[in-house]
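Here are a few notes for when you open this one up. Have the rings and the helix in view as you read.

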Amino acid sequence: MLLDFAKYEGAGNDFILLDSREVPFPSGSKLIAKLCDRHFGIGADGLMVLGASGRASCDCSMRYFNADGSVGEMCGNGGRCFALFARHLGIGTSRRVTFDSLDGIHTAELLEVRGSEATVGLGIIRVNGIRTGEGWWFLNTGVPHYVEFVERLDGVDVAGRGAAIRRDGRFKEGTNVNFVEIAGPGRIRVRTYERGVEAETLACGTGATASALVTNYAMQHDCTDFQVVMPGGTLGVAFVREGDGIYDHIRLSGGARRVFRGTIDCDTL
């Protein structure tokens, strides 16, 4: 089976993009894991499938899969790459793409398109509460996120501590894990262990969003526009705080880029 694909990245978070409007993708966790394998496949942090949407208000539909083949509700950096992929396919308008995913409907603004790359602002779902514990915070920005503040980010064992917290019984469906260092007013540094990738990634859009919201909630109450510095690049997170742990009009912004396109013979995987 020959499969046409495109490879995109946003802040070093990389994804396989597939158009299934005419040729359905035979999704299965084993095939997806093989495609995402960095040694024997294409290599990616996740895979997204574009299809037709059943909603009149949406231009298309996005289904996201983690690198291990499991279904993911949403991915912030992936959503920005998906919007650019849709634009490259001629879907939506020149400036806007609206799509549905498992966590709801998202609108992406293509702020500046430069051929194979663009600056994209993506709407993130409303956050209706933040759960707190001793030295940690937990919320859902499309997927579940644990947030913990640290004094020195470079000294954190992200792989070891992240893996332990990710499967902690406090979090019923598992969680992504973010370690946050305050770098100044409206500026934070973040490293994330991603559920489904089961490793630290260069960036995580929903993790950047969760970290910025918790920083506002716990420390910088007057700041609603953050720069989030991750190993793969810097993302912007802006929002409106509507109440205690309630946030809306959340926007994640940053670059997205098509790296290459190709065809792979899935029978060789």
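1. Start with Phe226 and Phe239: both are buried. Keep in mind that this is a predicted model. Phe226 belongs to strand E15 (residues 225-230) and Phe239 to strand E16 (residues 233-243), so their pairing ties together parts 13 residues apart in sequence. The two form a stacked aromatic pair, with 6.1 Å centre to centre and 15° between the planes; stacked calls for planes under 30 degrees apart.

2. The count of aromatic pairs comes to eleven. Take Phe5 and Phe260: the ring centres sit 6.0 Å apart with the planes at 85°, so this pair is edge-to-face. It bridges distant parts of the chain, since Phe5 is in strand E1 (residues 2-10) and Phe260 is in strand E17 (residues 246-265), 255 residues apart.

3. Now for helix H2 (residues 76-88). Its 13 residues reach 19 Å from the first C-alpha to the last, close to the 18 Å expected at 1.5 Å a residue.

4. How many of the 13 residues of H2 are buried? Eleven are, so the helix is mostly covered. Among them are Arg80, Cys81, Phe82 and Phe85. Just after H2, look at Gly90, which takes a positive phi of about 80°.

Notes: Residues are numbered from 1 along each chain as its sequence is written. This is a predicted model: local features need pLDDT of at least 70, side-chain atom pairs count only at pLDDT 80 or more; totals for chains, interfaces and linings use all residues. Side-chain values use heavy atoms; hydrogens and water are left out. Rings of Phe, Tyr and Trp (its six-membered ring) pair if their centres lie within 6.5 Å; planes under 30 degrees apart count as stacked, over 60 as edge-to-face and the rest as tilted. Helices (H or I, at least four residues) and strands (E, at least two) are DSSP runs, numbered from the N terminus. Buried means under 20% relative accessible area, exposed over 50%, partly exposed in between (1.4 Å probe, protein chains only). The expected span of a helix is 1.5 Å times one less than its number of residues.
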